Amino acid sequence: MLPNISASVQKAVPRYTSYPTAPHFVSSVGERTYASWLGHLSKSDTVSLYFHVPFCKEICLYCGCHTKATRRFAPVDAYVDVLLKEIDLLADNMGCRRIVHLHWGGGTPSIAGPERLRDLVTQLDVRFDLTSLEEHAFELDPRYVTTELVSALAEIGVTRASLGVQDLSAHVQQAIGRVQPFSIVRNAVSSLREAGIRDINIDLMYGLPNQTVDDIRRSVALVHELEPQRLAVFGYAHVPWLKHHQRLLDQSSLPDSTARFAQAIAAHDTLTALGYEPIGLDHYAAPSDSLAEAVRRRKLHRNFQGYTTDDADALIGCGASAIGRLPQGFVQNAADTAGYSRAITSNRLATVRGLELSLADRARGRVIEELMCHLDCDVGSIADEYNYSQEYFEPALGGLAPFVSDDLVRIEENHIRVNEKGRPYLRLIAAAFDEYLTEARARHSVAV
């Protein structure tokens with residue numbers, strides 16, 4: 001029997017795709033700092049690249065991404081020219097680095113079109129070393145997957161496609177402004193696999209307007225027919241103070257905290273019954289997938305793209321609002337496309353804020369990542385590793401008392417173990433180690 005969760009799940013905490021989280025970045029870490037950090041990468045360091053394309057043909061009402069709608073190609077075409085310039089600037093600052101992971105997100109990155117995608121990868125191949133590329137992932141809207149696009153994705157070496165499905169019930173799709181019958185998703189997956197792109201991720205959501213537990217189960221059952229290697233089941237984040245288009249949703253149609261929790265559990269139970277292995281908080285993988293293997297080998301990581309096998313020394317974000325991480329800390333490009341473009345076209349890196357990691361940030365970040373990825377953490381060993389006393393984490397461990405009393409967490413000699421019933425509460429459990437939450441400088445989405 002699960003504990004009474006209604007009060008807990010309404011607590012707003014970060015998603016912990018980084019620590020510290022982006023709202024705590026500061027403007028004192030800018031272009032010069034980023035250039036210095038890039039220049040200090042060693043020749044042996046591996047690098048991952050993330051490209052952010054902040055354009056969509058239309059905005060879905062649930063969307064929390066940094067993007068904007070355009071029906072014209074000219075702004076997208078101009079943006080690709082800026083990305084090409086940013087590739088040159090990055091290479092000028094850090095040399096011809098070995099790229100091990102490449103990820104495209106948005107927005108809808110396919111809006112760039114086949115030819116411009118080819119231009120970008122050609123430029124990458126000139127300025128960087130792509131011969132060690134382990135994974136090339138691309139986020140897709142199934143409604144815009146064409147034969148020409150699929151051919152281009154295969155040509156540029158994409159190995160994994162992530163399709164945003166969210167929900168397959170017509171009444172939910174109407175409410176969120178994203179109508180895509182199952183046949184569209186099925187055809188997109190078939191086209192990708194026929195072209196040789198066989199690793200498929202599916203994104204689903206719970207907590208959407210008018211959504212029910214039965215809708216969740218039906219959506220899971222349908223996408224299971226497509227045999228995806230990975231699935232993610234995200235809770236809808238209602239943040240209308242940040243994403244004004246979300247105000248167009250009927251707030252009274254949103255499931256309450258108890259209904260959201262029931263939907264999350266329904267997705268979990270259905271997926272695990274179908275043979276998928278739970279990964280961290282909200283991902284699922286086929287037992288043969290590399291993500292499941294990473295869990296078994298304790299090699300799973302978490303970054304701005306979610307759970308990943310990417311263990312590169314540096315993650316470089318390209319494009320407006322893109323976030324990167326280097327050994328010294330985090331950096332973020334200007335969020336507005338105009339400001340980002342002005343910087344790059346003026347031969348300047350577009351970094352406008354970031355954060356240099358302190359020793360405490362690194363130690364607490366390790367604890368949070370291990371909890372979010374592996375549901376357990378030896379905080380005593382981490383304290384030793386960072387030269388803290390064994391008492392350093394005692395206040396945070398004390399903050400876990402409610403989870404211990406509800407039999408969600410066990411603590412033995414500074415070793416935290418989250419049991420299966422505690423999995424839905426990982427964000428709340430990790431938050432006990434977040435020193436920045438008390439500053440109340442940011443608003444977050446509810447935890448479950």
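This is a predicted model: local features need pLDDT of at least 70, side-chain atom pairs count only at pLDDT 80 or more; totals for chains, interfaces and linings use all residues.
Within the pair, glycine 324 stands opposite valine 331 of β15.

Strand β15 also pairs with β16 (residues 351-356), again in the antiparallel sense, over 5 bridges. Here phenylalanine 330 faces leucine 355 of β16 as its opposite residue. β15 is mostly covered, with 5 of its 5 residues buried.

Helix α10 spans residues 337-345, and its buried residues are Thr337, Gly339, Tyr340, Ser341, Ala343 and Ile344. The cover over these buried residues includes β15 (329-333), together with β2 (55-56), β3 (68-69) and α2 (74-94). Just after α10, asparagine 347 adopts a positive phi of about 65°.

## Nonpolar cores

The largest nonpolar core contains 79 residues, of which Leu153, Leu163 and Ile316 touch the most other members. Helix α2 gives the most to this core, contributing 11 residues.

A second, separate core has 49 residues, including Leu357, Met372, Val379 and Leu426.

## The open sheet β17-β19-β18

Three strands form an open sheet in the order β17-β19-β18, with antiparallel pairing. β17 (376-378) and β18 (409-412) stand at the edges and have a single partner strand each, so one side of each is left without a neighbour in the sheet. On average, neighbouring strands of this sheet are turned by 10° against each other, direction ignored.

The antiparallel pairing of β17 with β19 (residues 415-418) extends over 3 bridges, and aspartate 376 stands opposite arginine 417 in β19. Helix α11 (residues 359-374) packs on the sheet and touches β17 and β19, its direction making about 145° with that of β17. On the other pairing, β18 and β19 are antiparallel over 4 bridges, and glutamate 412 stands opposite histidine 415 in β19. The hairpin of β18 and β19 has 2 residues between the strands, and glutamate 413 takes a positive phi near 50° in this hairpin.

## The second largest pocket

The second largest pocket holds about 690 Å³ of space. Its lining comprises 28 residues, and those closest to the centre of the pocket are His301, Arg302, Ala312, Arg325 and Glu369.

Four named elements each give two or more residues to this lining: β11 (301-303), β13 (314-318), β14 (323-326) and α11. The largest share of the lining, 6 residues, comes from α11.

## The cavity

A search of the whole structure finds 1 cavity of 30 Å³ or more. About 30 Å³ of space lies in the largest cavity. The residues that line the largest cavity are Gln166, Asp167, Leu204, Met205, Gln211, Asp215, Ile216, Ser219, Val220, Val233 and Ala267.

Two or more lining residues come from each of β7 (199-206) and α7 (213-224). Of the elements, α7 gives the most to the lining of the largest cavity, with 4 residues.

## Proline 395

Proline 395 lies in helix α13, which covers residues 394-398. Its relative accessible area is 65%, and proline 395 is therefore exposed, the cut-off being over 50%.

Serine 219, one of the residues lining the largest cavity, is 176 residues from proline 395 in sequence and 42 Å from proline 395 in space, C-alpha to C-alpha.

Methods
Residues are numbered from 1 along each chain as its sequence is written. Side-chain values use heavy atoms; hydrogens and water are left out. Buried means under 20% relative accessible area, exposed over 50%, partly exposed in between (1.4 Å probe, protein chains only). Contact means heavy atoms within 4.5 Å. Two strands pair if DSSP finds at least two bridges between them. Axes are lines fitted to C-alpha atoms, for helices over the stretch in contact, and angles run from 0 to 180 degrees between N-to-C directions. A nonpolar core is a set of buried Ala, Val, Leu, Ile, Met, Phe, Trp, Tyr and Cys residues joined through side-chain atoms within 4.5 Å. On a 1 Å grid over the protein atoms alone, a cavity is a set of points where a 1.4 Å probe fits but cannot get out, and a pocket is an open set with protein on both sides within 12 Å along at least five of seven lines; lining residues have an atom within 4 Å of a point. Grid points are joined across faces, edges and corners, and a volume is the space filled by probe spheres set on the points.
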